[in-house]
Amino acid sequence: MKVAIAFLACVVLVTAAGVQQTHKVKIADKSFLEKQKFLFEIVYRMEEPLAFEEHIKTGEKFHLEKPHYTHFDLYMEKFLEAHKAHALLPKGEFFGALVKPHAKQARGLFNFFYYAKDWETFRADVAWARMHVNEGMFVYALTLAVIHRQDCHGLILPAIHEIFPQFFLHSKFVLEAEKFDYEMWMKMSLYEKEYLDIYHKTSSLGYGNMYQSSDYMYIKDFKTWQWWKLMGLGTEHWYSEDKYMLRENIHEFNQEAQWLQMMAEVKKFYMPVDYSRDLHLYNEESQLSYFTEDLGWNSYWYYLNMDYSFFLDGKTFDLHNDRRGEWWLYNVHQLLSRYHMERLSHGLGEIPAFSWLHQIEMGYDPQMIYYNGVGFSQRKNYFEMETYGNFEMLDKITGFLGRVHSLVETGYYLTADGHKVDLRQPEAIEFVGNMMQGNIDTMDNMFFQFWSMLSHMYFADADLHQMEVLPHVMLNFETMMRDPLFYMFYKTIAQVYFQFMHHLPRYTKEQLLMPGVTLKHVEVSELSTYFDLVDFDVTTLMNGKMIFHEGQFVWDKSLFARQMRLNHKPFSYTYSIEAAKAEKVVIRAFLGPKFDEFGRTISLADNRMNFMEIDEFRYDLQAGSNVITRRSSEFYWTVKDRTTYTELYYYTMMAFDGKYDFPLEISEPHCGFPDRLVLPMGWQRGMPMQMFFMVIPYMAPEQEQFSTFDYSYSCGIGSGARFVDSMPFGYPFDREVDEYEFFVPNMYFKDVTIYHEDTMEKYHQYKSYSNYGHFDYSFFNDYYTKYFKM
């Protein structure tokens, strides 16, 4: 099944070097736009009944007959049986992707979506499920289907935080958004304007000195991300957004007359929002809430586990082409490395060790509420898991982990049919990765497949066969990275990765050396982080009446959560490389700590596990001297902020009416890592770090010549050509380092310093802020002009 796509004329791009390149912009045709419109509308306001008459009629019938599907399996039969017996997870109940009964039903629903023989069957099944199936299960199955169905290639679903903002923002904000009433807002805003004008006038005349002094001493103690207090804005209050929504790439849109005209029709409102920091449960991990609760950070893990879902087999979905087990396990390692660097920026050390039989020192209160009104479970400090008393489940989990460590130490695994897996071969990392994820590609999936699911259920105190469970962050991929427990537990998974690598021979100097190539020098520009502001689209939380005009939905209001988040200034590095001959190479760049939390230098042998790969690209070296400049904006695996739900819907409807050419690359690919989180938060005086660079021969991925996906809008899941080359992920730090053999001329270490700028410093003395009590739009304009117009 192919997606019909028309092509525009080539667009001319001018690079920094002045070289003109052409880029074909793929434009959606009418058929594609109809599909896109359907997907945007079917997930709108998931908490409420479907309101689009067109889709209600489409979903009147659920196709039960096998001829409607290219494959019909046991999971689909079980789903139908549960539906007929009224045994499906009820609407409004908490759905956990890692709750075993929920996962089985979700797999059956996904199979109906995925194996539908044509778009018409798929559309009818989706519309039916939207009206009859649990909301969380529906979105989970639909997201999987849109990612993996061939006829959905290029189609976009809103970001998961736009479909379910409840999973990303604290309950106080969610409740205020659900209570938003435009008429009441108009009355209150007029009243408060009159009141605040009098307050600020009397304060400036000297009658408010007592309050000024008190406010200043109070405000001074707040963290940077509570920016609204320094601007004189009140929390739990909606403000009209009369200029433009905020995000790091908004300047790419708000300069266009068409965008301005389109968004002028939308009444936009925002509310300041903070991260979760419960003083009653305060511990050192709370310092990192801006990072662990970052929407992009959590979304990355969610989409990774959707792209390579544990119940999708590698053969049917071609996931084996992407080395799915190795890739998943390597991502665990990289995310832990990134988290460790953020800990170091706050003076914290190694990620605490995890034990099933000891207290968990760091508690966590997510302060979130599910859309059915039930709050997420919290964990107190010094929590003892063994008091659960579910010893049968605990024995299964600990028994698995003990068996895994034993297998890796033994060096082989003997399957039930007598097949022997040699765990002393580098390619066996795929087996280990599948085993640790607990996916269906594990050779002994009767034993290994459910260990990860059982672990997360044990954390959430969820019974193995219980259908209705209480909301818990560890039961869904989009919420689990908020909890410090996640990093402690997944550190045990990464330790299996390092244990496996320990038994592989170290790279020799001959293996690391690239004859004739010398990486002479790398010049790195200033590395600096800061907190900027962003608006997250939470319009789906609105409970107001939906408006239709001539059968078309009128999207006339949008709500946004305005939040501070970590970002970095654009940076670059310039390579100076000498080559004896022209050849194709891959250049890799890593970032890692230099000192531990006590200021002690970490040896490379110990530190290699802390390095995070931040860049990798192919290059054609010329004989002689090569000077290559690489910008942070060019990293192939990172993305900017995704275009908001509101904008995407307007763009779709304009294109549907023939007023706009809808490019498929209008939004960033879902699988990208947030560009703004590449660097850990620095220090004002400078945080010492180090970078590592290496030039290696290019080794093409096996599937590269068959690649048909476009990086600009697709993730190419299952293509086998997602990655730059076929070398092991993390090379050369994937194996233990022999410092006597490691250093070769095609490597280069560089000491760097990461600075942090306090973007709110100018507001600390608010008397100098003439527009106190109103949002300062110059904040965002100044940073755009200073950093993004370079």
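These are my notebook entries on a predicted model of one protein chain.

**Entry 1: ground rules**

I number residues from 1 along each chain as its sequence is written. Since the model is predicted, I take local features only at pLDDT of at least 70 and side-chain atom pairs only at pLDDT 80 or more, while totals for chains, interfaces and linings use all residues, and side-chain values use heavy atoms, with hydrogens and water left out.

**Entry 2: confidence**

I looked up the pLDDT, the predictor's confidence in each residue, from 0 to 100. The chain averages 86, and 88% of the residues score at least 70. Residues 1–23 have a pLDDT below 50, and beyond near neighbours in sequence this stretch has 42 contacts in the model. I take a contact as heavy atoms within 4.5 Å. Residues 193–222 also fall below 50, with 20 contacts in the model beyond near neighbours in sequence.

**Entry 3: the chain as a whole**

I found 24 helices and 21 strands. Both are DSSP runs numbered from the N terminus: helices are H or I with at least four residues, strands are E with at least two. Buried residues make up 59% of the 790 residues. I use buried for under 20% relative accessible area, exposed for over 50%, and partly exposed for in between, with a 1.4 Å probe and protein chains only. The chain exposes about 32600 Å², of which carbon and sulfur atoms supply 52%. The areas come from the Shrake-Rupley method with a 1.4 Å probe, and for residues only the protein chains shown count as cover. Of the contacts between residues at least 6 apart in sequence, 80% join residues at least 24 apart.

**Entry 4: the disulfide**

I looked for disulfides, defined as a pair of cysteine sulfur atoms within 2.5 Å, and the structure holds one. Cys 671 is joined to Cys 715, with an S to S distance of 2.1 Å. Cys 671 sits in the loop between α23 (645–656) and β19 (673–674), and Cys 715 in the loop between β20 (687–697) and β21 (747–757), so the pair links distant parts of the chain, 44 residues apart. The torsion about the S-S bond is about -105°, so the disulfide is left-handed. Cys 671 is buried at a relative accessible area of 16%, and Cys 715 is buried at 7%. I also checked Cys 152, which is buried at 1% relative accessibility.

**Entry 5: nonpolar cores**

I take a nonpolar core as a set of buried Ala, Val, Leu, Ile, Met, Phe, Trp, Tyr and Cys residues joined through side-chain atoms within 4.5 Å. The largest has 252 residues, and Leu 142, Trp 301, Tyr 573 and Tyr 575 touch the most other members. Helix α20 (residues 484–502) gives the most to this core, with 13 residues. A second, separate core of 18 residues includes Phe 590, Phe 611, Met 727 and Phe 733.

**Entry 6: Phe 354**

Phe 354 lies in the loop between α15 (324–344) and α16 (391–410). Phe 354 is buried, at 13% relative accessibility. Not counting residues up to four places away in sequence, Phe 354 touches Ile 360, Met 385, Phe 459, Leu 485, Met 488, Phe 489 and Thr 492. Phe 354 and Leu 485 are 131 residues apart in sequence, yet 8.3 Å apart C-alpha to C-alpha.

**Entry 7: salt bridges**

My rule is a side-chain nitrogen of Lys or Arg within 4 Å of a carboxyl oxygen of Asp or Glu, and the count comes to 33 salt bridges. I looked at three of these pairs, then at a network.

- Lys 37 pairs with Glu 41, the closest N and O atoms being 3.2 Å apart. The two are four residues apart in helix α1 (residues 30–42), which separates them by about one helical turn. Lys 37 and Glu 41 are buried.
- Glu 285 pairs with Arg 343, at 2.6 Å between the closest N and O atoms. Glu 285 lies in the loop between β6 (267–272) and α13 (289–292) and Arg 343 in helix α15, so the pair ties together parts 58 residues apart in sequence. Both are buried.
- Asp 535 pairs with Arg 562, at 2.8 Å between the closest N and O atoms. This pair links strand β10 (residues 527–537) to strand β13 (residues 557–568), with the two residues 27 apart. Asp 535 is buried at 4% relative accessibility, and Arg 562 is buried at 0%.
- Asp 294, Asp 532, Arg 565, Asp 641 and Arg 676 form a network of salt bridges.
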